[in-house]
Amino acid sequence: MGKEDLRVIKTLDSIDKSLLENLKKMPFNKITVEALCSKARINRTTFYKHYSDKYELLDNYLSRVLEEFRSVNNVIFVDAEPETINEDLYKMPFRETVDFIISKKDIYEILWTAQIDRNIFDEMIEVIAENILKRKIEQHPEIKTDSEKFFKASLFANLFAYNNLVSVRWWLANDYVISKNDFYQLFDDMMREGMFKVFKEQL
């Protein structure tokens, strides 16, 4: 990679960080390109080399954040049976996703509360639900044509996704009030005895 490429990467990273810093302080509609440039320590010409306006920047950034989250959200647990759901094969991907969210905690907490025209928290729930439903349909293609099965699979995907991310968000917001191991154990119990078992028996 050449020096020019490294400079571009550094510039784009500075613009991303500037966007987040500004979103932390004010609504998006109050943020100006001038403010973005000032925080990123670039001039307006440099900004406009990469983005036509602040709206393109925001959409581009959010698309990257959501795609990254989609790529790490492994929902292999849907392949399990109630009696095997606590095997490491199925438990570890959830833990890895939680660890990833922890590593992005500062970014996500800004985006979850940012005053923008999109609800990123809800969109992350949709990402999880879409991944679950897609995997269920890959396993059982008949779900697509059986309206009752599709409804149940979709309901499960959305309920699990909502419970999952709301729980993680609560845990982060409360400064890890329970240990990570205890948090994981709660999910293990829920998967073994609760919603997962109920829906698995019906799909």
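Helix H8 (residues 147-173) and helix H9 (residues 180-193) of this predicted model pack at an angle of about 165 degrees, and their axes lie 12 Å apart. Axes here are lines fitted to C-alpha atoms, for helices over the stretch in contact, and angles run from 0 to 180 degrees between N-to-C directions. H8 and H9 are therefore roughly antiparallel to each other (angles under 35 degrees count as roughly parallel, over 145 as roughly antiparallel, 65 to 115 as roughly perpendicular and the rest as oblique). H8 passes H9 in a right-handed crossing; a crossing is right-handed if the near helix is turned clockwise from the far one by less than a right angle, and left-handed if anticlockwise. From H8, the residues Phe160, Asn163, Asn164, Ser167, Val168 and Trp171 meet Lys180, Phe183, Phe187, Met190 and Met191 of H9, where contact means heavy atoms within 4.5 Å. By class, this contact of H8 with H9 has seven nonpolar, three polar and one charged residues (Ala, Val, Leu, Ile, Met, Phe, Trp, Tyr, Cys and Pro count as nonpolar, Asp, Glu, Lys and Arg as charged, and the others, Gly among them, as polar).

H8 also packs against H7, at an angle of about 140 degrees and with the axes 8 Å apart. That makes H7 oblique to H8. H7 passes H8 in a right-handed crossing, and the contact of H7 with H8 has 17 nonpolar, three polar and one charged residues.

On to H6: this helix and helix H7 (residues 120-139) pack at about 115 degrees, with their axes 7 Å apart. H6 and H7 are therefore roughly perpendicular to each other. Tyr108, Leu111 and Trp112 in H6 meet Ile120, Phe121 and Met124 in H7. The residues of this contact divide into six nonpolar, no polar and no charged.

These helices belong to a chain with 10 helices and zero strands. Helices (H or I, at least four residues) and strands (E, at least two) are DSSP runs, numbered from the N terminus. The C-alpha atoms fill a box of roughly 60 × 40 × 35 Å along the principal axes.

A search of the whole structure finds two cavities of 30 Å³ or more, and the largest cavity has a volume of about 200 Å³. Of the 18 residues that line the largest cavity, the closest to its centre are Phe77, Tyr90, Phe94, Phe160 and Met191. On a 1 Å grid over the protein atoms alone, a cavity is a set of points where a 1.4 Å probe fits but cannot get out, and a pocket is an open set with protein on both sides within 12 Å along at least five of seven lines; lining residues have an atom within 4 Å of a point. Grid points are joined across faces, edges and corners, and a volume is the space filled by probe spheres set on the points. Helix H5 (88-103), H8 and H9 each supply at least two residues of the cavity lining, with the largest share, six residues, coming from H5. That lining has 10 nonpolar, five polar and three charged residues.

About 290 Å³ of space lies in the largest pocket. Its lining has 14 residues, and Asp16, Leu20, Tyr61, Lys104 and Ile107 are the closest to its centre. Helix H1 (3-25), helix H4 (54-72) and helix H6 (105-113) each supply at least two residues of the pocket lining; H1 gives the largest share, five residues. By class, the pocket lining has six nonpolar, no polar and eight charged residues.

Residues are numbered from 1 along each chain as its sequence is written, and side-chain values use heavy atoms, with hydrogens and water left out. In this predicted model, local features need pLDDT of at least 70 and side-chain atom pairs count only at pLDDT 80 or more, while totals for chains, interfaces and linings use all residues.
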